Every structure is written in C-alpha cells, then in structure tokens.
Amino acid sequence: MLEGFEATPNEKKESTRAKIQRNPITADLRVFKTGAVYPSADCVTSFNLQYHMKESEVKGNGFDVIDSRELQNTKGAATPFLMIAPVSKDAGRVDLFNQTMFNEDGTPIANVMDQGSTSFGEEMLRMLKEVYGITFEGEDNFVDLTFEKVDVISTQLQNATNGIYYVPKRVTRGPLKGTMQYTRRENLDIYVLVPANLVNDNATITKTATTTTTPVGANSTVNS
Amino acid sequence: MLLTGATINDKGSLVVSFKDKSVQAPISAEDDLLNSTAGVKASSGETNIIIWPVQVESNGQPREAKDIANDLRAVRDQLEHLLLGYVTSDRAALKPYEGLDTTNGADFAASLSKQPVIDKIYKNLTTQFIAKIAEIKDLREVQTFRLLLLRRSVANHYGAFRKNFITDNPFWESEQIPAEASKVKFTTWELNKKLNDGTPVAKATVADALPTGAVSAANDILGIR
C-alpha cells in the first residue's frame, strides 16, 4: 500500500436525472417510447399476470391487444379504438406478458412488474400512433393506458361472435412480415384500451383527424 | 360454403352435406382447387362427404390397435373441427365413450379391438354431431366457410376431409377471416401426392399405371379401405 494513501470507498454518484416510475399507479399499463410495457400492481393482481413456476398448472395470463380496424366485427366503427383482453399465457401468440425464462429450479427469472415486455413494442407503438395519434418526442417519454369496460362493446361482440373471436395478429418476422394472421380465441373478456395520461413534458400527443372524437364508448383521458 | 346437414345413410355411415353459397356462379379455377369437386355431388348442388365407420379388420386381417385409435381420433377431430366453426370448444366437445364401461382401463383398452365397441364409439360421435349441428341450424344458414377437400386416394377421386394436423392446417375456416390470411390450402405433402386433383380416373387406367399393390398402399396412407 502506498504510504500516506488512504483508500476511501467509492461514492456513488447520484443521477441528476429524475428516476421514472416504470409501473403506473392509477392507470393499468405504461408504454414507453422504446416499446417497453409495464403493468400496474393492481393490473397484475386483477388479471393474474405474474409468472408462475415452470411446471405449475396455473399459467397466469397475458394480454391480446386488438385494433378495431382489423377485427371483423368492429372494423366498420366510425372511430377506431384499441381493445385488450386477458388470455392464458400458454394460449399461443399472446401479445403481452406471455414469456419469460426459468431458473434451473423452475422459478421464473422475470417478475412481470419489472420485465418491461418489449416483444410487442413496435406493434404497440404503431397502434398507438395510428389509432390515437400518439407520438413520442424527447427522452423518457411514456403514455399511460387504462382499461375501460364498455358493456355495449363487450356484450355485442360476445353475441355477434357467439364467443368465437378471430383475433388479428401482425406477422413480425419472416417473408410474411407485415401481413395479418388470425388467431382463434374464445369468450374474450374485452376492455377498451384508452390513453390515460402522458407523463412527460417533452412528449406530445398529436390527435389525428380520425381520433378527435372520443373512442367508441370510452372516456378518453388523453392529456396533451 | 354452408354446412346444410348431416345424416346417417342406410349403410350406417355419416354423410355431411355442404352447399356452395353461390352455387349458381361459375366456379373459377382457384375455387375449383380450394373447394375441390372431388366430393360426391348431389343433384341439388350439394356436396356430400361420407365419413366411413371404422373397421377393426382390413382384408380379413386384424388391424393394429393404434391404427384403429387413429381412425377414431380422426373422426372425432374432423367433426369437432366442423363444430368449432360455430361454437366454443366446450360446446363442440364430443363424448366418444358415452355408454361404455371405462372404469377398468386395461379391460377397456382390450375392448377397442372389438367391432361392436368401435361401432358404439363411431355411433356416439356421429349421433352427437348430428344433434349438435341441429342445435345451430340458424348459425349454419348464415355463416359461410371455406372448405377444402382432399382426393381420397390415387384410385378414388371422391372428396374427404383432412385427417391430421387440422388445428394448424384447417380444412374448414370461417370466411370472417380475410381470404388473404386464409390457412385453408393444400400442404406440400398433399400437392406432391396430387390429393388436390379431383379428376376421376378409370379403374383400368389406374391398374395400368400403378405397380401391383400401389393402390392399396396409397389407400393405406389415408386409412381408406
């Protein structure tokens, strides 16, 4: 050791950047401009989103996100809107919170609160832009989304489909990238997915002409 | 296509009937391929598809249990596949063993080589199917589907439903799914086997064209007897 030299512990520099809460408190989902999506604690509990042991019979749920313009029964709606529905994680082709790796002992590596699901991010951002006119500018932008139970939509859809839904899914890889495929689902519990807040000064929401009216049956709470 | 009905014919086979919603319109080459004319055309413009009862013997020889089970599974899967176009899976589920004693697994497995037991299972599946489609008559009159039929064999040009992997390769699909996203198409294997060709072939021609045993071998692939 050098004489006269006294080692001092490294002082961790405090970031000057305000830490952004990843999980929303009052809304249901928070979508960052990177495409990362985080659920609220209430949302995780209400819809059983948490990952379970690999061999567990209880798989938990993820979400399908549906663009009204692509679903046969809603494509004629004057104002487009997004829908979201919980589906079992093992249903196949689930959009959000459906995949994690597992440790050797079968415990899930990811916590759904921290995972920041991004696999659906590009498509989610495209939907938000096209349907609600949401764009992000600057840094650390995100938008909060809430689930609105609109009985007239969920009931009419259930009646019209007889419980059978052909949910549109955009192909994200391979030679068919960009085309739509349809996944059969049954008895979906459908919510309308609407922007709740935009929590960043640098971000802007540009409402397009098609979204200047409130989404069908929803109480839009978009702030700009 | 509309599913117009199903019945048991005088030979005890299930006959499922379909009708082209635009039967008056000329069939394009593409439609001809997808809605194969290889079915039995009735005079009304209906296409009748026969699902043959499963047999425990073939050419006088007992069949292997797994082959019998596969044929029964195929019948169940095909019928449930049709029903799933209209109703959810809980309502489409058929109960093949209704009325059979399944309490002793070993005894029941052994009984699956007996024709009366197989007949009972076939009857369960087909009568339940007929009852279920009767319940959804209103839906059947309005919901249209794409239907793909396969040639039964090299020698037999009559149409049949696909038997395997029908979840990923459906032969029956709601037209609520846009045509450009349709999964109703022939697989490479089917195209290679020319199972998309509904052209009748004269028996003499088949006999001349194929080596001895080829016809029965082709039939075996589809489990046709």
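**Close-up views of a two-chain predicted model**

**View 1. The largest nonpolar core gathers 53 residues**. Met83(A) and Leu193(A) have the most contacts inside this core. A nonpolar core here is a set of buried Ala, Val, Leu, Ile, Met, Phe, Trp, Tyr and Cys residues joined through C-beta atoms within 7 Å. Buried means that 20 or more other C-beta atoms lie within 10 Å of a residue's own; exposed means 12 or fewer, partly exposed is in between, and C-beta atoms are placed from the backbone. Helix H3 (residues 121-132) of chain A gives the largest share of the core, six residues. Helices (H or I, at least four residues) and strands (E, at least two) are DSSP runs, numbered from the N terminus. Apart from this core lies another, of 34 residues, including Ala6(B) and Phe171(B).

A word on reading these views: this is a predicted model, in which local features need pLDDT of at least 70 and side-chain atom pairs count only at pLDDT 80 or more, while totals for chains, interfaces and linings use all residues. Residues are numbered from 1 along each chain as its sequence is written, and chains are lettered from A and ligands numbered from 1 in the order in which they are written.

**View 2. Which residues does Met83(A) touch**? Leaving out residues up to four places away in sequence, Met83(A) touches Ile66(A), Ser68(A), Ile190(A), Tyr191(A), Val192(A) and Leu193(A). Two residues are in contact if their C-beta atoms, placed from the backbone, lie within 7 Å.

**View 3. Glu70(A) sits in a loop of chain A**. The loop runs between strand E3 (61-67) and strand E4 (82-88). Glu70(A) counts as partly exposed because it has 19 C-beta neighbours inside 10 Å. Look for Arg170(A) as well: Glu70(A) and Arg170(A) are 100 residues apart in sequence, but 9.9 Å apart in space, C-alpha to C-alpha. Beyond residues up to four places away in sequence, Glu70(A) touches Lys75(A), Pro168(A) and Met180(A).

**View 4. Chain A meets chain B**. Chain A brings 10 residues to the contact and chain B brings nine residues. On the side of chain A, strand E7 (164-170) and strand E8 (180-186) are the elements that give two or more residues. The largest share of that side, four residues, comes from E8(A). By class, the side of chain A has four nonpolar, five polar and one charged residues. Ala, Val, Leu, Ile, Met, Phe, Trp, Tyr, Cys and Pro count as nonpolar, Asp, Glu, Lys and Arg as charged, and the others, Gly among them, as polar.

**View 5. Two helices of chain B pack together**. Helix H2 (residues 65-83) and helix H5 (residues 115-135) of chain B pack at an angle of about 5°, with their axes 10 Å apart. H2(B) is therefore roughly parallel to H5(B) (angles under 35 degrees count as roughly parallel, over 145 as roughly antiparallel, 65 to 115 as roughly perpendicular and the rest as oblique). Among the residues making the contact are Leu72(B) of H2(B) and Phe129(B) of H5(B).

**View 6. Is Ala6(B) buried or exposed**? Ala6(B) is buried, because 22 other C-beta atoms lie within 10 Å. Ala6(B) belongs to strand E1 (residues 2-8) of chain B. Not counting residues up to four places away in sequence, Ala6(B) touches several residues, including Leu14(B), Phe129(B) and Ile133(B).

Definitions and conventions. Axes are lines fitted to C-alpha atoms, for helices over the stretch in contact, and angles run from 0 to 180 degrees between N-to-C directions.
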